Amino acid sequence: MSGMSALPAPASIPAAGDAAARLADWLSRHRRVFALTGAGCSTGSGIPDYRGENGAWKRPAPVTWQAFTGDPAVYRRYWARSQVGWPRFGQARPNAAHRALAALGRHGPVAMLVTQNVDGLHQRAGSPCTIDLHGRLDAVVCLGCGERSPRAALQPRLDALNPGWTPGAAATAPDGDADIDEDAERVFVPPRCARCGGLLKPDVVFFGENVPRARYEAARDALAAADAMLVAGSSLMVYSGFRFARMAHEAGLPLAILNRGLTRADALAGLKLEAEVGATLVAAAAGLGLPVAM
Ligand SMILES: [Zn+2]
């Protein structure tokens with residue numbers, strides 16, 4: 001853990017212990033840290049990431065709001081794939097990254113945690129102040145009457161609408177999605193609101209859709225009250241996350257980034273750590289005297 005190693009370390013990828021020591025030191029110098037997290041915090045829970053370490057799409061870009069609401073084939077395809085992908089997504093458990101951030105929130109300097117993830121795993125791990133910037137996949141909202149319902153309750157309805165339906169060979173994809181057979185997608189019967197017949201949408205912010213204003217303002221106000229910003233496990237390629245790093249920079253707040261691979265805000269960061277997110281956060285928390293139960 002010593003920063004005085006006699007051996008020259010690679011400049012861009014420090015050992016996990018070195019990264020943790022530097023992060024612990026950085027955290028110890030701040031009292032109200034605004035933390036922003038992304039997919040890199042949840043890959044350890046078995047939820048795949050959309051992007052590779054260079055920030056580019058690893059797979060076809062996700063469904064847009066315009067296509068979901070305007071193209072019946074896209075709507076049908078979304079729900080067919082969700083019916084296959086949801087059970088595994090819904091069973092995901094918090095990992096070391098979530099537990100370390102929860103400890104840093106309860107007993108350490110993390111005053112607010114804003115996540116771009118839609119899995120609710122920070123709350124499950126016990127993070128006290130969390131904003132789900134892009135919503136939650138465990139809820140469904142009707143675009144007609146606005147009724148909200150649990151995603152888990154929709155699963156048996158999807159089964160009942162599609163008796164005997166089989167997706168063929170399936171592979172898990174990000175955000176409760178799954179790659180399935182195209183023929184199976186075509187014959188799937190998608191759900192409608194039981195009350196008004198409207199389209200049902202997961203309560204997440206789709207690409208091409210804005211973050212609800214009140215939610216954005218709550219996050220912005222939390223950043224304004226912070227004395228530093230930490231990004232953990234995000235490439236910040238999506239503007240709705242990147243803009244907080246830019247605001248922090250413009251406000252003169254110290255910015256630290258812990259992420260494997262490039263991020264859109266690397267040039268704005270005073271500290272950039274390329275290391276495994278969960279192990280580094282756990283070791284950094286331990287360095288602050290905050291043990292994380294494993
Ligand atoms: Zn409705």
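Strand S1 and strand S2 (residues 110-115) pair in the parallel sense, over 5 bridges. This comes from a predicted model.

In general, strands of a sheet pair through backbone hydrogen bonds, either parallel or antiparallel.

How many of the residues of S1 (residues 33-37) are buried? The count is 5 of 5, so the strand is mostly covered; buried here means under 20% relative accessible area. Now look at the directions of the residues. Val33, Ala35 and Thr37 point one way from S1. Phe34 and Leu36 point the other way. Both groups are buried.

Next, find the open sheet of 3 strands, in the order S5-S4-S8. The pairing in this sheet is antiparallel. Which strands stand at its edges? They are S5 (148-150) and S8 (200-204). Each has a single partner strand, so one side of each is left without a neighbour in the sheet. Neighbouring strands of this sheet are turned by 40° against each other on average, with direction ignored.

Finally, follow S4 (residues 135-142) to its contact with S8. The two strands pair in the antiparallel sense over 4 bridges.

Key: Residues numbered from 1 in each chain as written. Predicted model: local features only at pLDDT ≥ 70, side-chain atom pairs only at ≥ 80, totals over all residues. Heavy atoms only, no water. Pairing = 2+ DSSP bridges. Axes fitted to C-alpha atoms, helices over the stretch in contact; angles between N-to-C directions. Buried < 20%, exposed > 50% of the residue type's maximum accessible area, 1.4 Å probe, protein only.
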